[in-house]
Amino acid sequence: WQQSGALACGGHLALLSSCMLACVSAQGNGSTVQLMSDTGLLKWRTVLGGPVEDLLVDAVGTVYVAWSNGQHVHVEVLGSADGQAMFAAAFPGTGGALGVAAGGLLSVLTYGPQG
């Protein structure tokens with residue numbers, strides 16, 4: 001997906017209930033997570049230190065991102081209003097996936113030699 005040749009998204013996309021689009025684009029050895037309005041205007045963007053493994057949003061618009069640096073899977077919880085990290089944690093592993101467990105709890109699956 002590309003907007004006006006300036007903002008590009010590839011790979012991971014998630015649509016919020018407010019019709020905003022959370023998406024990921026590769027940036028060197030890292031990634032950028034962007035939140036765009038339904039008209040394509042950039043609301044916020046944040047840079048992560050590695051490739052994104054998974055992207056998930058919840059019913060209230062919180063953005064959950066799992067990214068890996070090859071040794072750990074980092075999970076960041078970003079507020080949809082400003083993209084600021086509300087929570088961050090790292091788990092051993094080379095890759096991972098996000099899901100929602102019973103009761104609405106976030107679940108993190110990691111894999112690899114250490115996961």
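In which sense do strand 7 and strand 8 pair, and over how many bridges? Keep that in mind for a moment while we set the ground rules. This is a predicted model, in which local features need pLDDT of at least 70 and side-chain atom pairs count only at pLDDT 80 or more, while totals for chains, interfaces and linings use all residues. Residues are numbered from 1 along each chain as its sequence is written, and side-chain values use heavy atoms, with hydrogens and water left out.

Stop 1: Select strand 7 (52-57) and strand 8 (63-68). They pair in the antiparallel sense over 5 bridges. Strands here are DSSP runs of E with at least two residues, numbered from the N terminus, and two strands pair if DSSP finds at least two bridges between them. Click on Leu55 to find its bridge partner, Val65, in strand 8. The two strands form a hairpin with 5 residues between them, and Gly61 in the turn has a positive phi of about 95°.

**Stop 2: a serine in a loop.** Now select Ser80, in the loop between strand 9 (72-78) and strand 10 (85-92). Is Ser80 buried or exposed? Ser80 is buried, because its relative accessible area is 18% and buried means under 20% (exposed is over 50%, partly exposed in between, with a 1.4 Å probe and protein chains only). Show the surroundings of Ser80 and you will find contacts (heavy atoms within 4.5 Å) with residues including Leu16, Lys43 and Trp44, not counting residues up to four places away in sequence.

Stop 3: Next, colour the 4 strands that form an open sheet in the order 3-4-5-6, with antiparallel pairing. At the edges are strand 3 (13-15) and strand 6 (42-48), each pairing on one side only. Strand 3 and strand 4 (residues 21-27) pair over 3 bridges, and Ala14 stands opposite Ala22 in strand 4.

**Stop 4: the cores.** Finally, select Ala22, Val33, Leu55, Val63 and Val65, the residues with the most contacts inside the largest nonpolar core, which has 16 residues. Such a core is a set of buried Ala, Val, Leu, Ile, Met, Phe, Trp, Tyr and Cys residues joined through side-chain atoms within 4.5 Å. A second, separate core of 6 residues includes Tyr64, Ala66, Val73 and Val77.
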